[in-house]
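Open your viewer and get ready to select residues as we go. This tour moves stop by stop and says what to look for at each one.

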Amino acid sequence: MNQDAIQENLQQLKASEKTLSILADGIFARSLGDNIVIYWSKSAHKLYGFNEKEAIGKVKFQLLQSGPADVLQRADEHLAKHGYWKGTLAHKRKDGETIYVESTWILSKDLDNTPLYIFELSRNITQQVTNRQITTFKDEVFSTIKRLPRREIVLQVASELATKGFCDFCVVHHKLTEKFYTTSDKGISPLVTEALKGLFSRVQKRELLYEIQDGVYVPAIETINENLPFSVPGLKALLKKSSVTSLIFIPIRVAENTTAVMIFGTVSGGNVSVFSGNHFKVAQDVGDEIASRNEQLYLQSQLSTERYRLESLVETVPGVVWEAQKSMDSGQIMTYISKDIESLLGYPVEEWLSTPDFWLTIMHPEDVVTARKAVETQYKSDKPGINLFRWKKVDGTFIWVELRSITVLDESGKLTGMRGVATDVTERIEKDEQKDIFINMASHELKTPVATLKVYAQLLEKKMKETGDFPFLTYLSKILRQADHITNLINDLLNVSRIEQGKLVYQFERIKVVGFLSSLIRELDLLFSTHELRLDVKISKNIQVLADPEKLKQVVVNLVTNAVKYSPEADCVDISLRSNKGKLHITIQDYGIGIPKSDHGKVFEKYYRSEVSDNGTFSGLGVGLFITKEIINKHKGSITVKSRKGAGSSFTIILPTIK
Amino acid sequence: MKRILLVEDNRDLLQALQSVISEYGYQVNAVHSAQEALKEAKNVNYDLVILDVFLSGGDGRTVAKTLRRNEDYEETPIIIMSAVPTVKQSSLQSGADAFLSKPFDLVDFVEKIAYYLDPHFSHDSSRMVYPNPRTV
């Protein structure tokens with residue numbers, strides 16, 4: 001190799017250094033074969049930190065720790081073949097920082113084409129490369145965030161960022177578990193771990209670390225105290241000792257709470273050397289992404305918990321839970337029906353959800369009109385409803401169903417549909433039917449003998465009157481009175497049973513109160529020889545009420561009979577008719593033994609008997625006033641009692657009048 | 001003489017009612033089953049039919065319905081009586097003109113018969129008898 005020729009050539013290169021510096025940030029030359037630096041420009045000094053003295057004579061690849069290796073190999077091949085190479089290399093500066101350069105290698109030759117040396121022109125492209133890298137990190141990490149379950153996200157992201165070279169290490173401090181994770185495979189000194197453990201142990205008790213709202217960027221460890229919102233004595237020294245060069249603190253905030261803190265760090269001699277503002281921005285973005293994904297997953301888990309809770313509730317409810325939406329043509333379409341409906345009737349859930357008014361199509365034809373009407377009424381009244389009807393099963397048989405429902409309103413209060421529970425009540429209805437049959441039979445069996453007895457007694461009475469056999473007529477009238485008493489007792493029992501089943505049937509009609517009650521009282525007056533029934537009318541003859549005449553008669557007879565029964569010493573009962581504000585007041589006043597005040601609340605209860613009736617003086621089942629109150633309630637009226645022990649009782653029925 | 005068909009499965013009651021009706025000057029045929037009632041109704045054209053609801057081997061309401069389908073009984077008054085008050089509605093729907101709840105006072109029984117058979121009968125409203133008006 002011609003050393004003179006090389007030196008001469010290098011002189012020319014040095015002379016044009018200024019011109020060349022326009023093209024490159026750093027220029028140097030190395031020898032062929034052993035790659036020893038033979039020329040080191042001022043710009044190279046500036047770019048790599050090594051001065052001319054430090055650089056000359058060194059093997060270039062050792063000096064700058066060039067890489068990556070595969071690129072270098074390709075570069076050598078290209079250079080040998082074509083006499084030049086251009087590409088991106090990573091070099092290490094004197095201070096340990098990695099810089100990326102766009103490097104151009106040129107094989108310098110003399111005039112007769114003999115290769116002399118290689119000179120390199122380096123343009124610093126670190127900023128572009130790291131930005132590009134960081135953006136790549138971001139894209140990759142974001143896709144990781146999207147596919148992971150909530151609890152794994154933070155750790156996985158930390159690990160990924162560290163292994164891919166975003167940072168030299170990443171530590172995650174988890175608030176709930178107070179765990180300290182490090183993610184590093186770059187041979188980070190245990191001192192780093194120690195230093196950060198020290199940080200946590202010092203600040204976590206006051207939860208200071210969790211106060212870092214938008215994250216903290218510590219570009220150089222010397223500035224840590226001014227950048228952290230809290231101070232930890234001795235921390236700076238500890239971190240410096242463990243060769244940490246920069247730090248980024250990123251909080252993971254879920255639903256307004258910081259649940260974890262990610263700490264990214266660089267160490268001297270590491271992959272990254274020092275974080276840029278760009279790193280911080282990316283770290284913040286990653287933190288935000290983790291947080292929002294966490295929040296999303298958290299809400300989903302809350303929703304599914306809520307849903308699970310509702311569904312398990314729905315499963316335990318006896319019956320089928322359903323929800324229906326009112327559709328435009330005033331029909332209804334199911335939006336939900338619990339799976340139980342399939343075992344109950346046999347139709348698949350899909351059929352319920354896809355066929356409008358499916359519940360009506362499988363209903364017993366006799367029940368459809370009533371059911372439709374009930375729904376319409378409920379939509380108007382907005383009150384909870386109970387419907388009873390028959391549904392046809394897939395096998396063609398019918399079951400009785402009790403449908404309880406409430407109307408559903410949207411946020412603006414507009415009626416959108418209904419929801420409720422459907423229960424199979426076939427067994428109950430069948431039992432009720434059996435009970436009905438039994439009651440009817442018992443009624444028939446008990447009353448027929450009484451009817452026969454009564455007819456014979458009356459026949460006998462008639463005969464005795466005709467033959468003038470008067471002395472024994474009183475015996476017959478006693479027989480007849482007892483027969484009536486038995487009839488009343490049987491009727492009371494039947495009525496109680498019907499009231500309990502809600503089956504007491506009413507047939508309302510307009511009744512002129514004065515005429516109706518006058519003739520009833522006159523008739524009753526004939527029955528009671530011991531008491532005079534005095535009727536005091538202070539209302540117009542035209543006042544009418546809407547009532548079931550037989551039931552109203554039953555009520556008045558019952559109250560007058562009680563009045564006579566419980567006033568054995570008295571000789572009259574006062575009945576008065578008054579009206580007040582559109583209401584009719586019928587008062588029955590006796591002058592008998594009265595009811596103690598403590599019993600006033602109980603008199604209308606079933607099986608109530610006054611203490612005096614218990615000693616056998618007054619017979620009865622204790623259901624008369626219970627039935628009376630039920631009947632009056634069904635007439636939209638009320639009944640009250642005023643009484644004192646020993647001072648008589650007065651019962652007042654209040655009924656609405658009609659025009 | 002007006003003819004009455006009386007159907008009641010309690011023989012004691014049947015006998016008593018039969019004698020009451022006869023005393024008031026009506027001709028009465030007393031039977032105690034649904035089958036007999038329908039057979040009798042075919043043989044003789046009665047002016048009034050009195051039916052109990054729960055008969056051995058049948059239901060008075062079914063008898064009433066069957067009679068109503070017979071041309072001869074389209075307008076014949078039918079009284080149904082029962083010890084079960086809840087069958088009143090279904091009795092009137094089956095075609096009966098009136099319902100009598102057992103036990104009853106003989107006065108009411110006789111009055112009800114007279115209402116349908118005696119053109120000179122005047123109804124005493126104070127006795128609170130409410131015969132169902134003829135619907136046909």
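Is D285(A) buried, partly exposed or exposed? At 21% relative accessibility, D285(A) counts as partly exposed. The cut-offs are these: buried means under 20% relative accessible area, exposed means over 50%, and partly exposed lies in between, with a 1.4 Å probe and protein chains only.

Before moving on, a word on what you see. This is a predicted model, in which local features need pLDDT of at least 70 and side-chain atom pairs count only at pLDDT 80 or more, while totals for chains, interfaces and linings use all residues. Residues are numbered from 1 along each chain as its sequence is written, chains are lettered from A and ligands numbered from 1 in the order in which they are written, and side-chain values use heavy atoms, with hydrogens and water left out.

**Stop 1**

K138(A) sits in helix α7 (residues 126–147) of chain A and D285(A) in helix α12 (residues 277–316) of chain A, so the pair ties together parts that are 147 residues apart in sequence. A salt bridge here is a side-chain nitrogen of Lys or Arg within 4 Å of a carboxyl oxygen of Asp or Glu. Helices (H or I, at least four residues) and strands (E, at least two) are DSSP runs, numbered from the N terminus. K138(A) is partly exposed too, with a relative accessible area of 23%. Over all chains, a search of the whole structure finds 32 salt bridges.

**Stop 2: paired strands**

Now select strand β15 (residues 415–424) of chain A. Strand β11 (residues 320–326) of chain A pairs with β15(A) in the antiparallel sense over 6 bridges; two strands pair if DSSP finds at least two bridges between them. To find one of these contacts, pick A324(A), whose bridge partner in β15(A) is M418(A).

β14(A) and β15(A) form a hairpin with 5 residues between them, and G413(A) in the turn has a positive phi of about 85 degrees.

Also select R404(A) and E402(A), which form a salt bridge with closest N and O atoms 3.2 Å apart. R404(A) is partly exposed, at 42%, whereas E402(A) is buried, at 11%.

**Stop 3: a negative patch**

Select D424(A), E427(A), E430(A) and E433(A), which form a negative surface patch. Patches are made of residues with over 30% relative accessible area and no salt bridge, with like charges joined within 9 Å. Helix α17 (residues 426–467) of chain A gives the largest share, 3 residues. E427(A) lies in this helix and counts as exposed, at 58% relative accessibility.

**Stop 4: across to chain B**

Where do the two chains meet through E550(A) and K88(B)? Their side chains form a salt bridge (3.0 Å, N to O). E550(A) lies in helix α20 (residues 549–565) of chain A and K88(B) in helix α4 (residues 88–93) of chain B, so the pair joins two chains. E550(A) is exposed, at 51%, and K88(B) partly exposed, at 26%.

Chain B has 5 helices and 7 strands, and of its 136 residues, 51% count as buried.

Technical notes. Patches are made of residues with over 30% relative accessible area and no salt bridge: like charges are joined within 9 Å, nonpolar side chains (Val, Leu, Ile, Met, Phe, Trp, Tyr) within 5 Å. Accessible areas come from the Shrake-Rupley method with a 1.4 Å probe; for residues, only the protein chains shown count as cover. Lys and Arg count as positive and Asp and Glu as negative; His and the chain ends are not counted. The place of a charge is taken as NZ of Lys, CZ of Arg, CG of Asp or CD of Glu.
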